[in-house]
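Dear colleague,

I am passing a structure on to you, together with some notes on what was found in it. Please look through the structure first, and then read the notes beside it.

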Amino acid sequence: MGLLQPIFTILILAVVLLVRSLKATHVPRFYFPTSPLLLQVKRKNHLENGHSSNGDARQINGNGDAHGNKYDLMGINAFLRSRVPSLFEGYRPTWWLALGHLQTIFVVVGDFSKVDKVTYERTLIRTPDGGTLGLDLCPPPAQAPELPEDTPIIVVQTGLTGGSFEAYLRTILARACASKADGGLGFRGIVVNFRGCAGVPLTSPQLYSAGHTEDLRSAVLYIADKYPKAPLHGLGFSIGANILTRYLGEEGEGSRLSSGVTLACAWDTAKNSWRLENEFIPKTFYAKALGGNFLSVFTRHLDRILQFPPDERLTPHIPDILKLKNPTLLDVDHVLTKYIGGSSPPFPFETPEKYCKYLGSEPPLDHRRFAFPYLAINAADDPIVGFVPTVETQKSSTCALAVTPSGGHLGWFHGGDWFGRPDRWIRQPVLEWLAAVGEDYVPGSELKREARM
């Protein structure tokens, strides 16, 4: 009895803590620039409903423009608080998905086939090296012929081996691309499907990786040429978030994307790779799941790959690739991705460690290369991404980082009392953000230079 009593007490305390956690509202922790760059934003009513109290917002053009619109200058903090209120309200996770592992698992095993249905029209484009990307447009032109030429476009990058079919992006695009009459934003969305994924053919001996931005650059150039009057806004998930962030940092003020929002970005890939390979649960489950999924992109196209002319970066390694059995992601990186995960240079890399160090997306935030609004949302209990750039965000000019206490990797499920269908809380903050950058934010280098003075 002496031994059972402390065990019973610990169990009771665990249950009490769990119940208290489930009843609590999970509000994100925020990180903002210490010296923000001011953005020009169309005024809603009066100066941001009092959100100018943080000192990074002020009124301009008191008489309005030719259309009667008035504008304010504000930092990313005031912009986010005034335009994305649901992010600050937080949420209560589904009680039976209280842990990050459970949220992450439900992303994979949950049945979302009957919700958030989206219809696409696909265009295949060729990259300079002969590769092929699949651009899925929604809504198809036949379904929305009345959309103006300057309708904002959401350019989407998916997670590893994902595609436009993924439920985590459909839940956003289904609303963002619905007409305003149907309660949507009335935007266009274009999903950039990776080489060899989501039915896209593999037409060159090169794949992709979290550090390869040339494919996104090719896609954005194509979209900007096809829709020259439309503002483009980036949306990235997981590895796609990493690619989007690197692209924005590389392009700087010359970016054809006017803003970016990322969910579950991988950030410091070297540290997160070490975590996946050395901690028991991540290595046993997630590292092998990710490695197996990425290896399947190669094996699924093996017949086509063997028909390619000999390639010094790939051909010598095919025997080692085919020997892999139940590999971790680092195992696949060692014999495959470090060689053909992107263009040369910088590929190939000598070691997977050097490759992983190259992939990181947190350095651009510290270089003040971002001269446009950028929001990153991560979960503290994400079992795949364990490191986020808090210091780098504070050194940036226009970036905001929100870290939710829970949500797992691309989960953020709430609702679903008892065992009903849970919903994705993250959808509402992202839609509010997209509406704000698509309709209220006014890109303009002159005003940005004025704001620095």
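Predicted model: local features only at pLDDT ≥ 70, side-chain atom pairs only at ≥ 80, totals over all residues.

Residues are numbered from 1 along each chain as its sequence is written, and side-chain values use heavy atoms, with hydrogens and water left out.

Helices (H or I, at least four residues) and strands (E, at least two) are DSSP runs numbered from the N terminus, and two strands count as paired if DSSP finds at least two bridges between them. Nine strands form an open sheet with mixed pairing, in the order β1-β12-β11-β10-β9-β7-β8-β6-β5. Because β1 (29-31) and β5 (121-126) stand at the edges with a single partner strand each, one side of each is left without a neighbour in the sheet. β5 pairs with β6 (residues 132-138) in the antiparallel sense over six bridges, with Glu 121 opposite Leu 137. These two strands, β5 and β6, form a hairpin with five residues between them, and Gly 130 in the turn has a positive phi of about 100 degrees. By contrast, β11 (residues 374-379) and β12 (residues 399-404) pair in the parallel sense, also over six bridges, and here Leu 375 stands opposite Ala 400.

Axes are lines fitted to C-alpha atoms, for helices over the stretch in contact, and angles run from 0 to 180 degrees between N-to-C directions; contact means heavy atoms within 4.5 Å. Helix α16 (residues 427-440) lies across β7, β9, β10 and β11, running at about 170 degrees to β10.

A nonpolar core is a set of buried Ala, Val, Leu, Ile, Met, Phe, Trp, Tyr and Cys residues joined through side-chain atoms within 4.5 Å, where buried means under 20% relative accessible area (1.4 Å probe, protein chains only). The largest such core has 115 residues, of which Leu 80, Leu 87, Leu 336 and Trp 433 touch the most other members. Leaving aside neighbours within four places in sequence, Trp 433 is in contact with residues including Ile 76, Phe 79, Tyr 374 and Leu 375. Helix α5 (residues 167-176) is mostly covered, since eight of its 10 residues are buried.

Finally, α8 (residues 269-278) and α13 (residues 352-359) pack at an angle of about 130 degrees, with their axes 7 Å apart. Thr 269, Ala 270 and Ser 273 in α8 meet Cys 356, Lys 357 and Leu 359 in α13.

Best wishes

How values were computed:
Buried < 20%, exposed > 50% of the residue type's maximum accessible area, 1.4 Å probe, protein only.
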